[in-house]
Amino acid sequence: MKYMSHHIQKDLEITHPHIHEIFKVDLETKQYYFWQRDSMPIQLYMPKVEFRKSEYVHNNPLHGKWSLAKSPGSYVYSSAHF
């Protein structure tokens, strides 16, 4: 998560500076926060559950305040185009 956070931060600074500021926090140990605080793994015990979770992940950048892409496959970091 730390490795990806640094890459996300650098990319947002360059490509989406207006979105970059959304992730800024005032903490002693961090300047930016990209992940949920209690990110716990979820067991994907059935194909149906795996499909539902991947659909959520693929569609997440398209909705709400993010609006980072027009379709799941057009988001740069998405695995949807696979």
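Is Glu21 buried, partly exposed or exposed? In this predicted model, Glu21 is partly exposed, because its relative accessible area is 43%, which lies between the limits of 20% for buried and 50% for exposed residues. Glu21 sits in the loop between helix H2 (17-20) and H3. Along the chain, Glu21 and Ile8 are 13 residues apart. Their C-alpha atoms are separated by 12 Å.

Helix H1 was examined next. H1 runs over residues 2-15. Its end C-alpha atoms lie 20 Å apart. This agrees with expectation, because 14 residues at 1.5 Å a residue should span 20 Å. The buried residues of H1 are Ser5, Gln9 and Leu12. These residues lie on the same side of H1, because they cover an arc of only 75 degrees around the axis. An α-helix has 3.6 residues a turn, so residues three or four places apart point the same way. The buried residues of H1 pack against H2. The face turned away from the buried side carries exposed residues, namely Tyr3, Lys10 and Ile14.

Rolling a probe the size of a water molecule over the atoms shows where empty space is left. The largest pocket holds about 1,400 Å³ of space. Two elements each give two or more residues to its lining: helix H1 (2-15) and helix H3 (47-59). The lining of the largest pocket comprises 31 residues. Nearest the centre of this pocket lie Ile8, Phe34, Trp35, Val57 and Asn60. By residue class, the lining has 20 nonpolar, nine polar and two charged members. Ile8, one of the residues nearest the centre of the largest pocket, is also the residue whose C-alpha atom is 12 Å from that of Glu21.

The second largest pocket holds about 340 Å³ of space. Its lining is made of 14 residues. Those nearest its centre are Lys2, Ser5, Lys30, Tyr32 and Trp35. Five residues of this lining are nonpolar, six are polar and three are charged. Ser5 belongs to the buried set of H1 and is among the residues nearest the centre of the second largest pocket.

One backbone feature remains. Ser67 is not a glycine, yet has a positive phi of about 45 degrees. Ser67 is placed in the segment after H3.

Definitions and conventions: Residues are numbered from 1 along each chain as its sequence is written. This is a predicted model: local features need pLDDT of at least 70, side-chain atom pairs count only at pLDDT 80 or more; totals for chains, interfaces and linings use all residues. Side-chain values use heavy atoms; hydrogens and water are left out. On a 1 Å grid over the protein atoms alone, a cavity is a set of points where a 1.4 Å probe fits but cannot get out, and a pocket is an open set with protein on both sides within 12 Å along at least five of seven lines; lining residues have an atom within 4 Å of a point. Grid points are joined across faces, edges and corners, and a volume is the space filled by probe spheres set on the points. Helices (H or I, at least four residues) and strands (E, at least two) are DSSP runs, numbered from the N terminus. Ala, Val, Leu, Ile, Met, Phe, Trp, Tyr, Cys and Pro count as nonpolar, Asp, Glu, Lys and Arg as charged, and the others, Gly among them, as polar. Buried means under 20% relative accessible area, exposed over 50%, partly exposed in between (1.4 Å probe, protein chains only). The expected span of a helix is 1.5 Å times one less than its number of residues. The arc is that of the directions from the helix axis to the C-beta atoms. Contact means heavy atoms within 4.5 Å.
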